[in-house]
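I opened a new page today to note what I looked up in this structure. The entries follow in the order I made them.

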Amino acid sequence: MAFALIFLPILMAALSAAIPSNHLRPWFLPVTGVAHLALTLVTLASPNLTTSAAWLVLDPLGKLILLVVSTLFCASSFYAVGYLRHREERPNRVFCACLMVFLGIMSLVTWAHHLGLMWVAIEGTTLVTAPLIYFNHTQRSIEATWKYLLVGSVGIALALLGTFFLAYASLHTGLEATLTLEGILEHAPKLSKPWLHASFVLLLVGYGTKMGLAPMHSWKPDAYGEAPGVVGAMLAGGVTSCAFLALLRIYHICFAAGEAAYVSRLLLFMGMLSMAVASLFMVGQRDFKRMLAYSSVEHMGILVLGLGIGAPALYGTMLHVVTNGLTKGVLFLSAGNIHRAYGSKSTEQVCGAMRRLPLSGTLFLVGFLAITGSPPFGPFISEFSILNGAFDAGRFVIGGFFLFLLLVVFIGMGATVLKVVQGRASFEARNTPYRDSFLTAAPIAILMLLVLLVGLYIPPPLTALIRDAVLFLEGQP
Amino acid sequence: MTNLLNTILVIVLMLNLFALGTSRIVSVIRTVAAQGALLSLLPLLLHEHLTLAAALTVVPTFALKGIIIPGMMIHALRDVKIKREVEPLIGLQPSVILGALATVFALLFADQLPLTDAHSGALIVPTAIATVLAGFILLTTRFKALTQVVGYLVLENGIFIFGMLLVEAMPLVVEMGVLLDLFVGIFVICIIVNQINQAFASMDTRRLVSLKE
């Protein structure tokens, strides 16, 4: 099953690259998306699927991320067909192929139980997403791609050094040097402490760069701002979730080694810093796509903060991975539509989106309400659960700070979003050819419904999956 | 064996400082190529019983670090007709001094990390950390796109040096290093193919300022 999930998208990418028609090629995306989602659901439903390769194991954490990535890709792939129809003047061979390979590599991240293999896969995501960000071939997109590659690859290099340190931590105590997750977890309490500490810092900085934690987030507003909406959605919901999974693996190891106190101090600090930096930049932000990038920085901060709070907040954190991933899909895809209709992403030109694009404008507004934690949407449940966890753990200052920053973000983001959706669109904007179509609006509506569903009623299989993931992380299989 | 190893590592440290202290971009690229070529030979020195697999990984590492990537960069440099890194963020002498300070810091920091008996005499850990830091200094204080890539190569060389501690226990690390090299190779190809140089005329990343708050 692992091989099917990883190689099916790559095979489809190769096939799509061989198709000469620019018009038909995008349809490979939804075919791949649906097939991948179906395979994912079958995999999740069957309890004991093992592979012959010891390095590829799907544990509950991997299952959760795989589900998010696959769902998001499936919805985005239909949207991509609609989007590329508006961009037929651009060759989309590289775009389609890279998007599908990207899905394959993300699946590999979720299956990898070898830290080296996981590192290779995350390195791969950086490589295949660079051409996606560069899709528009403008000066600004070159600039964004350059920053993305440079900052991202420094992060990857540091993560490799951290991985080496971790291997040395086991070698130093006379154990066999290994990078398989099982191998390290088995001897976790015996790992050499100084090496483990140094390794954790490097891996936090390295994978944190890929997640976009402050202060290593500098690539994020540029890349998300310049990339097409569908790429933004996959980056904000997919790559960041995969990088968070990498961080979860390291957390798992440190937790098993009895270093939870050391680790949680650093995680809390990084989480608070990311939330604070993001909220500062969101207030008065004029570019609504960059605003979404800062919102992503904020939510990565929330995830890391939740992890830092520890056991009482872990359920909320895992749920937040799901709700954040799906809501980011709604926001980036609808923002992409608005951008297309107005030819601008600055609030100076964009207003009246609710009238100009009734569907996308409304979804953008509702998506904003959801991501800032308004009931009855999914992120409300997950953020509330993290807050609850903070108070349960006796961390009242952090809980208070968390609430305060959420409020600042709500106000800052709200000001920008309301400017976009309210009012009347200018004459030029009303006469651009773009209109909401089934393919560019329905996938967003479906994602929105999923977010609402999770807020009202979490399906029991999802609850079970999250509980399993938390138990797995705490080392109680 | 440790003597020869340490001699090489000291040369590597000196090359770091040299790369920090020159303004001609060709010289910086050549310095890093020499450093990379020297480092790619290390696995041969470290292996007590040299296996065929280990010997074979030396070849691609040497080719990538010593010949292919620097070659491509010099090629790219020829196209854009720039010779010098003008006005780095901090001057050349201060950056050499900073590099020297980083080396001292690396020696002190490496003292805090316990080593196994087999590795205790060698300078591997401090050299690795110092090289990573030197790479960082190059990356953050230079503005030409090519010099930043050179900084990244130095950073990567530092990581490669650290990998030498693990090469016997986990031969895999060398392959991972090769992958990182490949990554940079693709990176440089991106610059050439997508003509960042043409789009920005002089490959000066200070011109990359249209995306700002």
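Predicted model: local features only at pLDDT ≥ 70, side-chain atom pairs only at ≥ 80, totals over all residues.

**Entry 1**

Buried means under 20% relative accessible area, exposed over 50%, and partly exposed in between (1.4 Å probe, protein chains only).

Residues are numbered from 1 along each chain as its sequence is written, chains are lettered from A and ligands numbered from 1 in the order in which they are written, and side-chain values use heavy atoms, with hydrogens and water left out.

**Entry 2: Phe162(B)**

Which residues does Phe162(B) contact, leaving aside neighbours within four places in sequence? From chain A I listed Leu161(A), Phe164(A), Phe165(A), Tyr168(A) and Trp195(A). From chain B I listed Ile124(B), Val125(B) and Ala128(B). Contact means heavy atoms within 4.5 Å.

**Entry 3: chain B and its helix α6**

Chain B has nine helices and zero strands. Helices (H or I, at least four residues) and strands (E, at least two) are DSSP runs, numbered from the N terminus. Of the 213 residues of chain B, 57% count as buried.

I then checked α6(B), residues 124-141. At 1.5 Å a residue, its 18 residues should span 26 Å, and its end C-alpha atoms are 26 Å apart, so the two agree. The expected span is 1.5 Å times one less than the number of residues. Is α6(B) largely enclosed or open? Because 15 of its 18 residues are buried, α6(B) is largely enclosed by the rest of the structure.

**Entry 4: Thr126(A)**

Thr126(A) lies in helix α5 (residues 115-133) of chain A. Thr126(A) is buried, with a relative accessible area of 0%. I noted that Thr126(A) touches Tyr148(A), Leu149(A), Ile156(A), Lys210(A) and Phe183(B), not counting residues up to four places away in sequence. Ser153(A) is 27 residues from Thr126(A) along the chain, yet their C-alpha atoms are separated by 7.7 Å.
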